[in-house]
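Dear colleague,

I am handing over the structure below, and I would be glad if you could look through it with the notes that follow.

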Amino acid sequence: MNLRARIICCSVLALGALTSAAGVVCSIAVPHTGWLPPQPAPGSVYVLRDCGGSVAVYDAASSGSPLRVTTIETKTLPQADRELLGQGLSVSSEEELLTLLEDLGS
């Protein structure tokens, strides 16, 4: 195998490992301290939360792993946005989700 093919294979494997690691970090159970994640608002489809320093999209009906971890770093956001993400920002539609992600990423 030539060098270029090796580099591409290693890059793909590394990207897969990073994606898997992000999912694991975000799905690790919180130690039983009586704390429960915030419940999404009724009618919500998605919930935006902080996941390892990045904005993540969760299914509002599930408290499992995120559907998607974005490249939007929460440390770059204003304090008010970080607080909203800490509480879980309920989203009621795909259109609203895309609008919020665009706003947070700009």
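The largest nonpolar core has 12 residues, namely Tyr46, Leu48, Val55, Val57, Ile72, Leu77, Leu85, Leu89, Val91, Leu97, Leu101 and Leu104. At least two residues of this core come from each of strand 1, strand 2, strand 4 and helix 3, and helix 3 makes the largest contribution, with three residues. There is also a second, separate core of five residues, among them Val47, Cys51, Ala56 and Ala60. Please keep in mind throughout that this is a predicted model.

**The chain as a whole**

The protein chain holds three helices and four strands, and along the sequence these follow the pattern α-β-β-β-α-β-α. Of the 106 residues in the chain, 24% are buried, while the accessible surface comes to about 7300 Å², with 60% of that area belonging to carbon and sulfur atoms. Among contacts between residues at least 6 apart in sequence, 46% join residues that are at least 24 apart.

The four strands make an open sheet with the order 3-2-1-4 and antiparallel pairing. Strand 3 and strand 4 (89-91) stand at the edges and have a single partner strand each, so one side of each is left without a neighbour in the sheet. Averaged over the sheet and ignoring direction, neighbouring strands are turned by 30 degrees against each other.

Strand 1 (residues 46-51) and strand 2 (residues 54-59) run antiparallel and are joined by six bridges, one of which can be followed from Cys51 to its partner Ser54 in strand 2. These two strands form a hairpin with two residues between them, and Gly52, in the turn, has a positive phi of about 60 degrees. Strand 1 is also joined to strand 4 by three bridges, again in an antiparallel arrangement, and here Leu48 has Leu89 as its bridge partner in strand 4. Leu89 is in contact with Tyr46, Val47, Leu48, Leu84 and Leu100, if its neighbours within four places in sequence are left aside. Strand 1 is mostly covered, with five of its six residues buried.

**The helices against the sheet**

Helix 2 (residues 79-87) lies across strand 1, strand 2 and strand 4, and runs at about 110 degrees to strand 1. Helix 3 (residues 94-105) lies across strand 1, strand 2, strand 3 and strand 4, running at about 30 degrees to strand 1.

**Thr70 in detail**

Which residues does Thr70 touch, not counting residues up to four places away in sequence? They are Ser54, Val55 and Leu101, and of these Val55 and Leu101 are also listed in the largest nonpolar core. Thr70 itself belongs to strand 3 (residues 68-73), and because its relative accessibility is 7%, which lies under the 20% cut-off, this residue counts as buried. A polar atom of the Thr70 side chain lies 2.7 Å from the backbone oxygen of Val55, and a polar atom of that side chain lies 3.2 Å from the backbone nitrogen of Ile72. Ile72, like Val55, is listed among the residues of the largest nonpolar core.

With best regards

Definitions and conventions: Residues numbered from 1 in each chain as written. Predicted model: local features only at pLDDT ≥ 70, side-chain atom pairs only at ≥ 80, totals over all residues. Heavy atoms only, no water. Buried < 20%, exposed > 50% of the residue type's maximum accessible area, 1.4 Å probe, protein only. Polar contact = N/O pair within 3.5 Å; in protein donor to acceptor, adjacent residues only side chain to side chain. Contact = heavy atoms within 4.5 Å. Pairing = 2+ DSSP bridges. Axes fitted to C-alpha atoms, helices over the stretch in contact; angles between N-to-C directions. Core = buried A, V, L, I, M, F, W, Y, C linked by side-chain atoms within 4.5 Å. Areas by Shrake-Rupley, 256 points an atom, 1.4 Å probe, with all protein chains shown as cover.
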